[in-house]
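Please look at the sequence and the model shown here, and then read the report below, which follows the places where two chains meet.

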Amino acid sequence: MIVVPFILMVVAALVATIGMRRVSLWVWFVAFAALLFVFGQYPFDVLNIAL
Amino acid sequence: MATLARALNSLALLVVCAVLLFVLYWELMRGEFPGGLGLQQRAALLGVGLGMLLNVRFGASESHYGVILASALLGAWVAGRQMLGYIVIAGSYGSAIFEWHFYTWAFAGFCVTIVFATALLFMEGQFFEGVRDTRPSSAAQAAGWLFVLVALAHAVSALLQCGFEACIDAPAGYELLLK
């Protein structure tokens with residue numbers, strides 16, 4: 001699943017470079033949401049112990 | 001003011017590209033592959049670089065700095081999660097460079113990025129011009145294409161390592177090529 005945010009980041013950078021600013025921001029937003037989702041899949045038990 | 005902010009963003013974008021190229025070099029030459037959390041930190045760093053690219057390409061905007069800050073905050077969160085995980089088990093992952101592991105450097109780097117972006121937000125003069133789709137300078141265009149190529153290299157690396165599935169924590173190599 002982690003590959004999805006990577007691909008979206010490449011698309012966002014590419015469209016920004018060719019001049020499509022708003023599209024780039026929207027693609028980044030989706031990539032960021034995907035990255036949050038992937039991070040949310042990780043167990044947090046260890047963090048509870050550390051804190 | 002706008003010129004200074006754009007120059008600082010260009011410089012920071014080159015630093016981000018250099019860091020991403022260095023970790024790719026380390027992966028290919030030293031055979032140390034990142035785990036799932038390491039890949040997430042790389043993706044967050046790509047987000048930071050994208051925000052800087054937008055500032056360089058279109059001029060400064062609050063939303064561009066929002067991209068930088070949100071990505072850096074998430075990156076610091078992921079790196080902090082990885083650091084705490086290894087503190088709990090009293091272990092570590094990968095090589096140490098100047099006595100710090102990659103995730104520790106990542107945490108420090110994301111914190112510096114947050115301070116950097118916050119400091120740049122105080123340069124209010126940069127926002128007066130607004131965003132414009134003017135033809136960028138050749139240097140800005142080159143930095144943009146360099147970032148696209150670096151991002152593409154990392155996407156290919158992540159694809160070869162994990163495919164479309166969840167990544168394992170301590171990979172031995174590119175899983176798709178090992179099959």
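The crossing of α2(A) and α2(B) is left-handed, a term used when the near helix is turned anticlockwise from the far one by less than a right angle. The model is a predicted one, in which local features need pLDDT of at least 70 and side-chain atom pairs count only at pLDDT 80 or more, whereas totals for chains, interfaces and linings use all residues. Residues are numbered from 1 along each chain as its sequence is written, and chains are lettered from A in the order in which they are written.

The axes of α2(A), residues 21-40, and α2(B) come within 11 Å and cross at roughly 165 degrees, the axes being lines fitted to C-alpha atoms over the stretch in contact and the angles running from 0 to 180 degrees between N-to-C directions. The two helices, α2(A) and α2(B), are therefore roughly antiparallel, as angles over 145 degrees are called.

| Group | Nonpolar | Polar | Charged |
|---|---|---|---|
| Contact of α2(A) with α2(B) | 10 residues | 3 residues | 1 residue |

A:Ala13, in helix α1 of chain A, touches B:Leu50 and B:Phe147, among others.

Technical notes
Helix = DSSP H or I, 4+ residues; strand = E, 2+ residues; numbered from the N terminus. Contact = placed C-beta atoms within 7 Å. Parallel < 35°, antiparallel > 145°, perpendicular 65-115°, else oblique. Nonpolar A, V, L, I, M, F, W, Y, C, P; charged D, E, K, R; others polar. Lists of a residue's contacts leave out its neighbours within four places in sequence.
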